[in-house]
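Please read them beside the coordinates.

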Amino acid sequence: MMESKDDDYWNDSTNKSFNFDEDDVAVLDIPSGSNRRSLFADDTASEVNFSTIQQELPLHMIISNEDLASVLEDQTRNEIPLPKGITIEEEIKLLRRRLQEYSFAPSAGSVIAKLCLGKVCSLEMFRSLQEKEELLDEAIACGNGNAILKVVIFLEQTLKKKLFYRLLQTRPEAVSHYVNYMSTRLKVTECTDLLVYLGRHHEASLLQFSIYVRSTTNIEFKRQRLKKIYNDYFSQPGANNFYAQLVANYINLLEFQVAQQHSSNAPMVGSILDQSVLVTLFYVCSRYRWGIDTALATHENPFKLVEAHQVSQSQFEWIALNERAKQQAWLDFEHIFERKAWLNLKQKSFNLHIPLDKTILRLFALHAPEPVLNGFLVKVEDPHRRLTLARRVNAKKGIVDALVALKDRSELENFRNGLEEGTEERFYAENALKSLNNKWKSDAYKLIK
């Protein structure tokens with residue numbers, strides 16, 4: 001009976017076989033030439049290209065030394081497949097050795113290393129409280145959020161709540177990952193209980209506030225829940241005044257929006273429900289009767305809304321300007337940007353908290369008429385800057401006023417000549433030029449005299 005090719009290999013003394021009884025695994029001596037090529041017949045073109053890239057790019061730029069060490073250590077722990085063609089006795093010896101290697105429970109460090117590499121592994125072998133505490137500390141030390149969260153969830157499932165909270169009490173990193181994980185799943189009670197146990201009452205109340213704000217679109221349910229949170233947490237002695245005011249303002253805003261929704265003479269206002277203060281302010285500016293004193297006492301007063309929610313003057317003016325400009329309600333600007341003096345109610349002062357340049361250019365973009373543009377241009381003190389802005393928005397009277405302020409007679413004459421005869425702008429430029437000439441003559445006469 002002829003022996004097989006495999007039998008020839010194992011029986012031939014010229015070939016070095018595996019010695020499974022030795023501590024070190026024998027290294028296979030690969031012959032050179034075509035035989036070496038045949039051993040890697042499954043290599044693909046992509047693998048050859050990757051090896052070329054690997055030679056050009058240093059290894060430390062692809063993976064850090066720590067991660068490389070973790071990968072190599074993990075590979076040494078992976079199960080090595082049994083070699084083909086070995087006898088039953090040799091297979092038994094090999095399996096017996098591996099059984100001895102795995103008869104000891106893995107260390108916490110080795111398990112955490114597996115989790116950091118994304119490996120699936122069980123944590124059930126960690127039974128005592130000390131082992132679980134060591135496992136948690138190893139996960140925190142590695143800094144991997146997935147590993148920390150995996151261990152924390154395991155502890156939460158296998159420990160009594162009191163012991164679980166006690167472990168987290170001195171480990172804020174684990175608390176942070178756990179609270180974030182539970183809050184995204186809207187487990188409000190569990191998060192609140194933990195934060196209250198840790199003495200972080202403000203965070204517990206803010207967590208409840210943020211969850212109920214974003215978790216439901218039912219305005220009435222949201223308003224009731226927020227009122228309960230305010231009464232249970234923010235209205236109690238020692239509560240943070242800033243956060244308490246924040247929650248109270250949000251509840252008041254919801255109630256204001258609901259009142260607008262149920263207003264009998266209101267148009268469709270569903271778009272402002274649960275919207276921001278600035279969106280609500282834009283809506284109120286559209287309904288407010290500007291300039292009517294009786295409207296000051298109404299619920300739809302934008303000035304009261306600004307005061308209640310501490311909206312800055314620049315924000316209010318910008319929103320009111322855009323809303324009134326889109327409605328072409330140019331006369332209402334007087335009630336937005338002019339204030340009555342305290343001592344003389346008939347005297348008014350111009351107040352603007354947004355940049356004049358930005359205001360004028362925005363009005364021009366919203367197709368404001370020239371008189372409105374001129375009303376803002378005259379507030380620009382620098383004549384050079386005023387002339388530049390007037391030319392950009394094509395405000396002819398503004399250009400004339402700026403040239404008069406600069407006493408530029410030649411430029412004013414050129415501008416006048418470019419205007420169409422018989423128009424109001426042409427007459428205005430001619431009168432301005434005459435006035436400028438008369439003033440020039442008067443000043444010249446005084447110098448001669």
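**Notes on the predicted model**

1. The protein chain has 24 helices and two strands, where helices (H or I, at least four residues) and strands (E, at least two) are DSSP runs numbered from the N terminus. This is a predicted model, in which local features need pLDDT of at least 70 and side-chain atom pairs count only at pLDDT 80 or more, while totals for chains, interfaces and linings use all residues. Residues are numbered from 1 along each chain as its sequence is written, and side-chain values use heavy atoms, with hydrogens and water left out.

2. Of the 449 residues in the protein chain, 31% are buried, a term that means under 20% relative accessible area, with exposed over 50% and partly exposed in between (1.4 Å probe, protein chains only). Among contacts (heavy atoms within 4.5 Å) between residues at least 6 apart in sequence, 49% join residues at least 24 apart.

3. Helix H13 (residues 219-234) packs against helix H14 (residues 241-261) at an angle of about 155°, with their axes 10 Å apart; axes are lines fitted to C-alpha atoms, for helices over the stretch in contact, and angles run from 0 to 180 degrees between N-to-C directions. H13 and H14 are therefore roughly antiparallel to each other, on a scale where angles under 35 degrees count as roughly parallel, over 145 as roughly antiparallel, 65 to 115 as roughly perpendicular and the rest as oblique. Residues of H13 in this contact include Ile219, Lys222, Leu226 and Tyr230, and those of H14 include Tyr250, Ile251 and Leu254. By class, the residues of the contact of H13 with H14 divide into 12 nonpolar, no polar and four charged, given that Ala, Val, Leu, Ile, Met, Phe, Trp, Tyr, Cys and Pro count as nonpolar, Asp, Glu, Lys and Arg as charged, and the others, Gly among them, as polar.

4. Is lysine 222 buried or exposed? Lysine 222, which has its place in helix H13, counts as buried because its relative accessibility is 0%. A polar atom of its side chain lies 2.8 Å from the backbone oxygen of valine 213. Not counting residues up to four places away in sequence, lysine 222 touches Tyr212, Val213, Thr216, Tyr250, Leu254 and Asp274.

5. Helix H8 (residues 145-158) and helix H9 (residues 161-169) pack at an angle of about 150°, their axes being 8 Å apart, and that makes H8 roughly antiparallel to H9. The contact is made by Val152, Leu155 and Glu156 of H8 together with Phe164, Leu167 and Leu168 of H9, and its residues divide into five nonpolar, no polar and one charged.

6. H8 also packs with helix H10 (residues 172-184), at an angle of about 80° and with axes 9 Å apart, which makes H8 roughly perpendicular to H10. On the H8 side the contact is made by Gly145, Ile148, Leu149, Val152, Ile153 and Glu156, and on the H10 side by Ala174, His177, Tyr178 and Tyr181. The contact of H8 with H10 has seven nonpolar, two polar and one charged residues.

7. In helix H6 (residues 108-116), the buried residues are Ala108, Ser110, Val111, Ile112, Ala113 and Leu115. H6 is followed by glycine 118, with a positive phi near 80°.

8. Serine 435, found in helix H24 (residues 424-448), counts as partly exposed at 47% relative accessibility. The C-alpha atoms of serine 435 and valine 404 are separated by 8.9 Å, although the two are 31 residues apart along the chain.

How values were computed. A polar contact is a pair of N or O atoms within 3.5 Å; within protein, one must be able to donate a hydrogen and the other to accept it, and residues adjacent in sequence count only if both atoms are side-chain atoms.
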